[in-house]
Amino acid sequence: MLVRLHDVLAYLSSARGRDTLVALQSDLEKDGAVFDSGGMDPPLGNPPLPVDKFEAKVTRALYEAFYDPGRDLSVAMPAAIVTALAEAADKNGVVDTVRAKSLLGVKAQKLLGTIAARTTGGADASSLEAQTMSLLDVRTKKLVAKSAPVVTANTQVYTDTTAKLGAGVSLARFECFGIGELQPQTQDFVRALSVAGLPAAKTHWLSDPPRTHAVEVERMRGRGVDVLRATDDSGVSEAAIGEMLSTMFRGVKAGETKPRFLLIDEDGRITRYLHDFFPQHAHLCVIVEQRGRAADFAGVALKAPVVTVADSSKVSDLRSALAGERAVAAIERQLRLADPGFRMSPKEAVVEGFFERSRGIVESLKRRGYTVFVATEDAGEAAAAKAAGLSAAPYKDQLAHARLTVLTAGKLQIDMPALQLMPKGAIIASATPRTLTDQRARFPIRDNEIEIDATNVIHSKFQGRDIELGRTMDRFQHEVVRFGVGDDRLWLRFGSDIALDSAVPGTFAQVDGAATLAAVFDAVRATTPGARALSDKSATIVRTAATARLAALGLDPLRPSFR
């Protein structure tokens, strides 16, 4: 029997693997390992090790490498197990149970058999996978990444976009610096850049931990891409951007005039830093802005062409549909993980605003049978929502329908009076890139039903049912606000964008990625500085390709489903 190291790590880092970890910890204790309530507390000198070879290797790894005071054993234990099993893995990170028995003993074989039986077809990634991966040594990380199953997405929209727009354009002279999420779909986009001539070794990608899939980091590094991860969960810092730009510009010679740096930006962070601190090199850059708009650069004296994807009306509805489905699918997933039996009734939702992001969420909720109400103070948004057949009013007037509230702009402030006016059992989720940790100051959260189990999972009660709020070491957890017996509210991943760590299926993700790729070709062809929208020609090519290619697969880019 063959078992992938990735499946071992993913399974043991997930809720399904908790009983296996608890059982192994018990076995280690019986065989001599020393634990306390906070984890492992090995005595000085030569700590006791179990007699069994596999258990001894796991215990030694915990003692020497993976445990320190305060570290969660639900992360350290999987890291130690994977490290021990890696000794029996082949070059592709696959472990033969017979070989494991020969090298590590029958207990290693038995554990692998249990995991194999429970991960038929692969194991889903969990929120702890990245934290576990971070503890592994370089060799073991590579083996885990090699063994991870590769989901081959249909990427014909990229192919069509390159064929129509890439003729006569080569990215070979460029060095690329991009920021954004690093999920499985990012690989397809970076690969499309390489097809257009951009060398992998000249591609640098910076991502913040909440939006970074640990296995993809190793995969992209394996292809020669320079992958950097911000260490601050609050996002990519200016210091990280400045360090990367400084490194890229180190070899610039005096008098250079031909652009040779491609910057793929998000919310103007690279663009502003470039013009504030490296204006002398800005003329050597071409820039693609993935999320912001041309109007956002009104106060910047741009010395480089900036092509904005969000300003294109011809692809905005496609991008809106993808973003909306991603957010709603993430809400469903988090509710399912928190309480698999939870059902919302009646299915009513209030969505903040009526613009590109929120419209996609509205449509995604409607496809699931929700009656949707729009909360807005903006007259234009209200008129557009009403024209679409929706109720639109200020949030305080929609609270009676707020069984589910989805924040989309980060402007709506929810306080204690608003929470009290919501229906009992109401749920709140944020679908905005801006974290909302400032909301904590607006109302105290004191949940007297909290219990923490042996694997550091936080349990509570919501509407009289058992619910999991997350793990003690998660930066963002669900929070329950109580006003009385049966009178409670649930905020999903309080302070965070609900979809931060959710991946878009590659077949759909290529639609958004192809729009960014088209913007790359527009930017490379640009001859004057300044911000401009993705051209109608390029947007039309992307839209035509996306519609045709997905229709051939029986899919509709305007009605995506990630369920």
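Trainee: Which residue stands opposite Val306 in E10?

Mentor: Before the answer, note that this is a predicted model, in which local features need pLDDT of at least 70 and side-chain atom pairs count only at pLDDT 80 or more, while totals for chains, interfaces and linings use all residues. Residues are numbered from 1 along each chain as its sequence is written, and side-chain values use heavy atoms, with hydrogens and water left out. Helices (H or I, at least four residues) and strands (E, at least two) are DSSP runs numbered from the N terminus, and two strands pair if DSSP finds at least two bridges between them. In this case, the residue opposite Val306 in E10 is Ile287, and strand E9 (residues 285-289) pairs with E10 in the parallel sense over three bridges.

Trainee: In E21, which residue is the bridge partner of Val307?

Mentor: Arg532 is the bridge partner of Val307, within a parallel pairing of E10 and strand E21 (residues 530-533) that runs over four bridges.

Trainee: In what order do the seven strands of the open sheet follow one another?

Mentor: The order is E13-E12-E11-E14-E15-E20-E19, and the pairing is mixed. Strand E13 (391-393) and strand E19 (479-484) stand at the edges with a single partner strand each, so one side of each is left without a neighbour in the sheet. For angles, axes are lines fitted to C-alpha atoms, for helices over the stretch in contact, and the values run from 0 to 180 degrees between N-to-C directions. Neighbouring strands of this sheet are turned by 20 degrees against each other on average, with direction ignored.

Trainee: Which strands does helix H15 lie across?

Mentor: Helix H15 (residues 356-367) lies across strand E11 (348-352), strand E12 (371-375) and strand E14 (404-407), and it runs at about 170 degrees to E11.

Trainee: How many aromatic pairs does a search of the whole structure find?

Mentor: Rings of Phe, Tyr and Trp (its six-membered ring) pair if their centres lie within 6.5 Å, and planes under 30 degrees apart count as stacked, over 60 as edge-to-face and the rest as tilted. The search of the whole structure finds eight such pairs. One of them is the edge-to-face pair of Trp491 and Phe494, at 4.7 Å centre to centre with 80 degrees between the planes, and both Trp491 and Phe494 are buried. Another, formed by Phe508 and Phe562, is tilted, at 5.5 Å centre to centre with 55 degrees between the planes. This pair links distant parts of the chain, with Phe508 in helix H18 (residues 506-525) and Phe562 in the segment after helix H19 (536-552), 54 residues apart, and both Phe508 and Phe562 are buried. Ring pairs also link Phe249, Phe261, Tyr273, Phe277 and Phe278 into a cluster.

Trainee: How many disulfides does a search of the whole structure find?

Mentor: A disulfide is a pair of cysteine sulfur atoms within 2.5 Å, and the search of the whole structure finds zero. Cys176 is in no disulfide, and the nearest cysteine sulfur, that of Cys285, is 11 Å away. Cys176 counts as buried at 0% relative accessibility, and Cys285 is buried with a relative accessible area of 0%.

Trainee: With which side chains does the side chain of Glu216 make a polar contact?

Mentor: A polar contact is a pair of N or O atoms within 3.5 Å; within protein, one must be able to donate a hydrogen and the other to accept it, and residues adjacent in sequence count only if both atoms are side-chain atoms. The side chain of Glu216 makes such contacts with the side chain of Gln187 (3.5 Å) and with the side chain of Arg219 (3.1 Å). Glu216 is found in helix H11 (residues 214-222) and is buried, with a relative accessible area of 3%.

Trainee: Which residues does Lys91 touch, not counting residues up to four places away in sequence?

Mentor: Touching here is contact, meaning heavy atoms within 4.5 Å, and with that exclusion Lys91 touches Leu143 and Lys146. Lys91 is found in the loop between helix H4 (73-86) and strand E4 (94-96), and counts as exposed at 64% relative accessibility.

Note on methods: Buried means under 20% relative accessible area, exposed over 50%, partly exposed in between (1.4 Å probe, protein chains only).
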